[in-house]
Amino acid sequence: YCIFSSTMYGYEHLSLLVMFTFLSYKITPLLFDWIRIYQGQDKLSKFLGAIIMSHIYFNEYILMKT
């Protein structure tokens, strides 16, 4: 809420958020199926796992600083 209220481009940010949420909603099941098929041993599965882990580590780091 603070981000949307402090900017002049609230509707643009909100539309991007909705667009990326919808895109993620459509792509995520396909990626999960891909990982299940290859059992996490291919490059795409390892890349996706690294992205997920980096987001978790970053969120933990931010929470520890506050």
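Modeller: A definition comes first: angles under 35 degrees count as roughly parallel, over 145 as roughly antiparallel, 65 to 115 as roughly perpendicular, and the rest as oblique. Please keep in mind that this is a predicted model. In general, two packed helices are described by the angle between their axes and by the distance between those axes. Here the pair consists of helix H2, residues 10-38, and helix H3, residues 43-65, whose axes cross at roughly 125° and come within 9 Å of each other. H2 and H3 are therefore oblique to each other, and their crossing is left-handed. On the H2 side the contact is made by Leu31, Trp34 and Ile35, while H3 brings Leu44, Ser45 and Leu48 to it. Sorted by class, the residues in this contact of H2 with H3 are five nonpolar and one polar, with no charged residues.

Leu48 lies in helix H3, and, leaving aside residues up to four places away in sequence, Leu48 touches Leu31 and Ile35. Along the sequence Leu48 and Leu31 are 17 residues apart, yet in space their C-alpha atoms are 8.6 Å apart. Because buried means under 20% relative accessible area, Leu48, at 16% relative accessibility, counts as buried.

To set this part within the whole, the protein chain has three helices and zero strands, and its pattern, read along the sequence, is α-α-α. Of the 66 residues in the protein chain, 6% are buried. The protein chain exposes about 6,400 Å², of which carbon and sulfur atoms supply 72%.

Conventions. Residues are numbered from 1 along each chain as its sequence is written. This is a predicted model: local features need pLDDT of at least 70, side-chain atom pairs count only at pLDDT 80 or more; totals for chains, interfaces and linings use all residues. Side-chain values use heavy atoms; hydrogens and water are left out. Axes are lines fitted to C-alpha atoms, for helices over the stretch in contact, and angles run from 0 to 180 degrees between N-to-C directions. Helices (H or I, at least four residues) and strands (E, at least two) are DSSP runs, numbered from the N terminus. A crossing is left-handed if the near helix is turned anticlockwise from the far one by less than a right angle, and right-handed if clockwise. Contact means heavy atoms within 4.5 Å. Ala, Val, Leu, Ile, Met, Phe, Trp, Tyr, Cys and Pro count as nonpolar, Asp, Glu, Lys and Arg as charged, and the others, Gly among them, as polar. Buried means under 20% relative accessible area, exposed over 50%, partly exposed in between (1.4 Å probe, protein chains only). Accessible areas come from the Shrake-Rupley method with a 1.4 Å probe; for residues, only the protein chains shown count as cover.
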